[in-house]
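Let's take a friendly walk through this structure, one stop after another. Keep the 3D view open as you read.

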Amino acid sequence: MFIVTVTYTAPLEDVEPWRPAHGDWLKQQIARRTLLVAGRQKALTGGVYLAPQMPVEDLGRLLATDPYVVNGVADHTVTEFTPHLVVPGLEALTSYE
């Protein structure tokens with residue numbers, strides 16, 4: 001499983017025009033289950049995604065299609081981890097090893 005941290009590399013006024021396309025992209029990825037969770041950082045400096053286990057190269061190709069990246073207003077940092085402990089109700093997350 002992966003934690004993906006999104007960091008804006010441009011001022012918010014340059015990010016904002018791409019927000020609708022980015023939102024549509026996120027909805028598509030959630031529907032396809034290529035992303036499991038997506039949200040904004042509270043400081044409005046970017047966002048965070050949770051992605052299931054897949055070849056890291058596939059994740060890289062997927063993230064390269066993010067409209068924020070395509071338009072040069074954000075970068076991604078990827079951290080791979082193995083979930084072992086979860087709260088009741090989220091046990092399915094441990095199956096993404």
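Val86 counts as partly exposed, because its relative accessibility is 30%, which falls between the buried and exposed classes. Keep in mind that this is a predicted model. You will find Val86 in the segment after strand S4, which spans 74-80.

Side chains of opposite charge can pair when their charged atoms come close. How many salt bridges does the structure hold? There are two. One joins the side chains of Asp58 and Arg61, with a distance of 2.3 Å from N to O. Both residues sit in helix H3 (residues 56-63), and because they are three residues apart there, about one helical turn separates them. Asp58 is partly exposed, at 34% relative accessible area, while Arg61, at 53% relative accessibility, counts as exposed.

In the other salt bridge, the side chains of Arg19 and Glu16 meet at 3.0 Å, again N to O. Here Arg19 counts as buried, since its relative accessibility is 16% and the limit for buried is under 20%.

Now look for the aromatic rings, where the count comes to two pairs. In one of them, the ring centres of Tyr8 and Tyr68 lie 5.8 Å apart and the planes stand at 80°, so this pair is edge-to-face. It links distant parts of the chain: Tyr8 belongs to strand S1 (residues 2-8) and Tyr68 to helix H4 (residues 67-70), 60 residues apart. Both Tyr8 and Tyr68 are buried.

The other pair, Trp25 with Tyr49, is tilted, with 6.1 Å from centre to centre and 50° between the planes. Since Trp25 lies in helix H2 and Tyr49 in strand S3 (residues 46-51), this pair ties together parts that are 24 residues apart in sequence. Trp25 and Tyr49 are buried as well.

A last stop brings some of these residues back into view. His22 is found in helix H2, which covers residues 19-32. Is His22 buried or exposed? At 8% relative accessibility, His22 counts as buried. Leaving aside residues up to four places away in sequence, His22 touches Tyr49, Asp66, Pro67 and Tyr68.

Technical notes:
Residues are numbered from 1 along each chain as its sequence is written. This is a predicted model: local features need pLDDT of at least 70, side-chain atom pairs count only at pLDDT 80 or more; totals for chains, interfaces and linings use all residues. Side-chain values use heavy atoms; hydrogens and water are left out. Helices (H or I, at least four residues) and strands (E, at least two) are DSSP runs, numbered from the N terminus. Buried means under 20% relative accessible area, exposed over 50%, partly exposed in between (1.4 Å probe, protein chains only). Contact means heavy atoms within 4.5 Å. A salt bridge is a side-chain nitrogen of Lys or Arg within 4 Å of a carboxyl oxygen of Asp or Glu. Rings of Phe, Tyr and Trp (its six-membered ring) pair if their centres lie within 6.5 Å; planes under 30 degrees apart count as stacked, over 60 as edge-to-face and the rest as tilted.
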